[in-house]
Amino acid sequence: MEAERARTPGGAHKAAAIGREFGCVGTWGGGEKTVRRGWRAPAAEVFVVGLLATVALLVMAFGAGAGLLPSALQGVQFVQKPVDAAPSPVHAAPDRDKPAPSPRRDQDDRLLGGLLSPAFDDYSCRSRYASPSLYRRPSPFRPSSHLVARLRLYEARHRRCGPGSPLFREAVEHLRSGRNAARSECQYTVWTPFNGLGNRMLALASTFLHALLTDRVLLVHAPHEFDGLFCEPFPGSSWTLPAGFPIADFDGTFTMLSPTSYKNMKKAGTINGGENPNVTAETLPAYVFLDLIQSYTGAAFCEADQRVLAKFNWMVVKSDVYFATAFFLMPVYRRELARLFPEKEAAFHHLARYLFHPSNDVWAIVREFHEAYLAGADERIGLQVRVFPELPVPFETMYGQIMRCSEQEGLLPKVAERNAAAARNTSAVSSPDGRKTKLTSILVTSLSPEYYERIRGVYQANRAETGGYVAVHQPSHDGVQHTEARGHNQRALAEIYLLSFCDRIVTTAVSTFGYVAHGLAGVRPWVLLRSPSPGTPAEPACVRSLSVEPCMQAAPRQMCGAAKGSDIGTLAPYVRHCEDVHGGVKLFS
């Protein structure tokens, strides 16, 4: 899930053009609300603040009458927090006895501890510098000074070699002529998308890490459905392939049978490994295709392979997995990666927060939903439910697993243990141990509406016990995944970010959507494990992940230098098998 036109891979699109738009449904204490479809960002942030403050005053004075509220907020039932309720540790009221945050600290928050460059303006991409403290808990991970320095060096290289530069035009001419130049100042990695949005974000972050490690320039092939999702991440240049690029048919050119595939070149003997002295840059084709889709991830993670790939000035990468983990197992990169990411489990967290900034259209969706439904909650619980076609778990089985997980881990508020005083006095509600009742917002993200409806129904039926202090929301439910539709992808991106704003996150096993959300948040999720069969409940229902990192689901079967048959999950003390995919591996700190 912004010069007023956002710089996206093809230019921003008006919010009113987002697919079939973004219907948002939610309840506070039983009152249902539908956010209007399509939302245009206001001309200035101060207008939003003033509008919300005015709405709040009108509500307190006259009640939530539809005639008093702007169209986006009509129909909502506001639940006032008890005046003497203890402030949330996330959204606590400012302590007037403490000094105001210093400008330097504000700047540090704005730039994510130096991760982001200050070279952009505030309006071309409103999400980039949106203060993280307004939306989620402070990150437990701080970027290393070496990572910050390397990112600034990368940005300078991207400006020097990126689209529109003389060096880029020269490199394109070499590509067009079919030649791989022997000595080129700039080398390029072109990423092309494959599979769903979560897969794409994981693969793109991995591709950028490889570019960072090998001094390449990352460029993005952005088809129609990818357009309008993200802002440009690199100041002074673009990451989007310009019109007229010599390779046009990416889908038809880059397949598993492509003769330019590195894997197929090795099989055909076109190249014979990095130890062959006859393999020089001039003897190589104009570009190489690195096919890292699922079972082909073992094709390029030997040091000899990396030496050959380094001789290609143009590389095209296609993948649907998070393959960054493999670099941490390669001796050639270990020292540099240890300096970039001292806390290894924060690798994707830093890469994603640097690269991915929702376009102004998507951010308008995120911000409106957050302000309307999540901002006032003391605790936000995110529940991501994904049922895959290859394992069609029935609704009752999956719902039962969610409830068992919640009971086991104490995640969702228990209606049976709420103080009955809530039904009599919602202005000062206490739990049995004397603590003040907190306002809890449950965000459900799913292609299906049934989980939201069932959970909402439970809390509506028990309002006497909850006092309306539990709210359940679901932004959208498209029914089926439509990766080919830009509107669907914009809604999916908005929901990934909304889920990442939650304090506690429950995700579904194997879901890359969930990986990205908890990775952005920097939190370790509870993972709903896969059932052995559609009708058999998973046991246990869920486990707490020991790492923030996504899982590399299709890990290489064999890493070069390791003994034959060795377990890849035991090759380094900071790599273990994933909780949800035993054959996969992930990083731990």
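Which residues are buried in α11? A347, F348, H349, H350, L351, A352, R353, Y354 and L355 are. Notes on this and other features follow.

1. Basis. This is a predicted model: local features need pLDDT of at least 70, side-chain atom pairs count only at pLDDT 80 or more, and totals for chains, interfaces and linings use all residues. Residues are numbered from 1 along each chain as its sequence is written, and side-chain values use heavy atoms, with hydrogens and water left out.

2. Overall make-up. The protein has 17 helices and 14 strands. Both are DSSP runs numbered from the N terminus: helices are H or I with at least four residues, strands are E with at least two. Of its 589 residues, 58% count as buried. Buried means under 20% relative accessible area, exposed over 50%, and partly exposed in between (1.4 Å probe, protein chains only). The protein exposes about 24300 Å², and carbon and sulfur atoms supply 55% of that area. Areas come from the Shrake-Rupley method with a 1.4 Å probe; for residues, only the protein chains shown count as cover.

3. Helix α4. H174 lies in this helix, residues 166-177. H174 is buried, at 18% relative accessibility. Leaving aside neighbours within four places in sequence, H174 is in contact (heavy atoms within 4.5 Å) with R179 and A181. R176 and E173 form a salt bridge, 3.5 Å from N to O. They sit 3 residues apart in α4, so about one helical turn separates them. R176 is partly exposed at 47%, and E173 is partly exposed at 44%.

4. Salt bridges. The structure holds 20. The criterion is a side-chain nitrogen of Lys or Arg within 4 Å of a carboxyl oxygen of Asp or Glu. D122 pairs with R110, with the closest N and O atoms 2.7 Å apart. This pair links distant parts of the chain, 12 residues apart: D122 is in the loop between α2 (103-110) and α3, R110 in helix α2. D122 is partly exposed at 34%, as is R110 at 24%.

5. K586 and E579. Their salt bridge has its closest N and O atoms 3.1 Å apart. K586 is buried, with a relative accessible area of 4%. E579 is partly exposed at 24%.

6. Network. Salt bridges link R150, R157, D215 and E336 in a network.
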